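Student: I have a new structure open and would like to learn how to read it. Could we go through a few features together?

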Amino acid sequence: MAKLGRSRRLLNGPLQFERYAVYASASIERVANPMTQVLDSDLEHGFGTRAVHAGQAPDPLSGAVMTPIYQTSTYALEGLGRHKGFEYARTRNPTRDALERNVAALEGGRHGFAFGSGLAALDAVLKLLKSGDHVVGGANMYGGSHRLMERVYTQFGLTFTFADMRDLANVTRAITPATRMIYAETPTNPNMHLTDLAALADIAQAHGLVLVVDNTFATPCLQLPLSLGADIVLHSTTKYLNGHSDMVGGLLVTSRDDLAERLGFLQNASGAVPGPMDCWLALRGTKTLELRMERHNRSAQRIAEWLEARSDITAVYYPGLPSHPQHELAKRQMKGFGGMISFDLGDVPRAKRVVEKVKLFTLAESLGGVESLIGHPASMTHASVPPALRQAMGLTDSLLRLSVGIEDVGDLIADLDQALA
Ligand SMILES: Cc1ncc(COP(=O)(O)O)c(C=O)c1O
């Protein structure tokens, strides 16, 4: 790969061509990509500035202020082996480049890799491993991630132990000589368990393991796993990063050049890449991430407190509540507590009635959009997890999950009130 000097002038648009020109002499392999590599100049700005500007500049051709949707599968070559850095859109696309660099900069990382879904991003992470390798994963995680590990990758010789990462002694106990990776989600989907990332990173480092953190629930606005010692951050961009429930995507960020080389290779070799339209939608979403998260945090806190004050609810799980067993860790590790709440009604028929009676909350899969959603994890997001394991996770059949949107919080509370009545 061609070595590139880091230009502090990057945000001045047309200079980006210089970087493309250098890339023309680079190998065709999609390795750590000079166009998506985050620069010092990206990182010296505050979060809101990075969200709007990192990875983006007026289009060199037209001056378009917003990154265009480069809806093309292929690019004209100037001659054999000579091009502007783009040959084929599985390998690279300028709209995707912009998103990759933008999210990498938000995470405080150096390299970003976009995928067609969050699970496609996880698929690439697991392909870093080989048959015989062992992974320690969190006992409570998104059901689809668990399914990909247990029902797909075990077929290729990977083995997994799922440990309750609220107590890191469980992680240490699960590590074997074959362990190569630790995979943590925090807060977890759906039980809102937290993992102490700095302490987990110490364990990973002591054992020479790659630490991967799914930061989908918290977003880089509230939590920065790389700064706490993680090696790779994973996102379902479908959720808060996009924020408008109008695309599906995934993204990986790392600062390690060795992992970036490998992930870039896998992204191109396996080809689970997002289209430019979806990248553009995610890129539009990240611009308002900080504003949206402020509102999600505020409204979710109010709703969690309101739910907790009711006598007809068995348990409320929200890291912003002082009653959350890991509230102190949440205050230390997160800048805000997010928009996700789970609560247990202790009564399955009632839980089913509530999801059908809400009017503003929509009964739907997914989360992280501007609109409020309600879900029943046992039969929806976590239906693929065997019932016994769901029980062991603390995921009961009467648990409901809220993704609190940005509507007026008074209206959301009134809706829940009538549904719970
Ligand atoms: C925490 C978490 N990680 C990963 C995923 C998978 O993302 P996608 O649905 O984009 O494949 C999800 C999906 O709900 C999720 O909630």
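Student: Let's start with a cavity. How do the residues lining the second largest cavity divide into nonpolar, polar and charged?

Tutor: Keep in mind that this is a predicted model. The lining of the second largest cavity has 5 nonpolar, 3 polar and 2 charged residues.

Student: How does anyone find empty space like that?

Tutor: Here's the general idea: rolling a probe the size of a water molecule over the atoms shows where empty space is left. In this model, the count comes to 2 cavities of 30 Å³ or more. The second largest cavity holds about 40 Å³ of space.

Student: Which residues line the second largest cavity?

Tutor: Look for F115, A120, D123, A124 and K127, along with L266, Q267, S270, G271 and A272. Two elements, α5 (118–126) and α10 (257–270), each give two or more residues to that lining.

Student: In which sense do β8 and β9 pair?

Tutor: Antiparallel, over 3 bridges, with β9 covering residues 340–344. To see one of the partners, find A315: its bridge partner in β9 is D344.

Notes
Residues numbered from 1 in each chain as written. Predicted model: local features only at pLDDT ≥ 70, side-chain atom pairs only at ≥ 80, totals over all residues. Heavy atoms only, no water. Pairing = 2+ DSSP bridges. Helix = DSSP H or I, 4+ residues; strand = E, 2+ residues; numbered from the N terminus. 1 Å grid on protein atoms, 1.4 Å probe; cavity = no way out; pocket = protein on both sides within 12 Å on 5 of 7 lines; lining within 4 Å. Points joined across faces, edges and corners; volume = space filled by probe spheres on them. Nonpolar A, V, L, I, M, F, W, Y, C, P; charged D, E, K, R; others polar.
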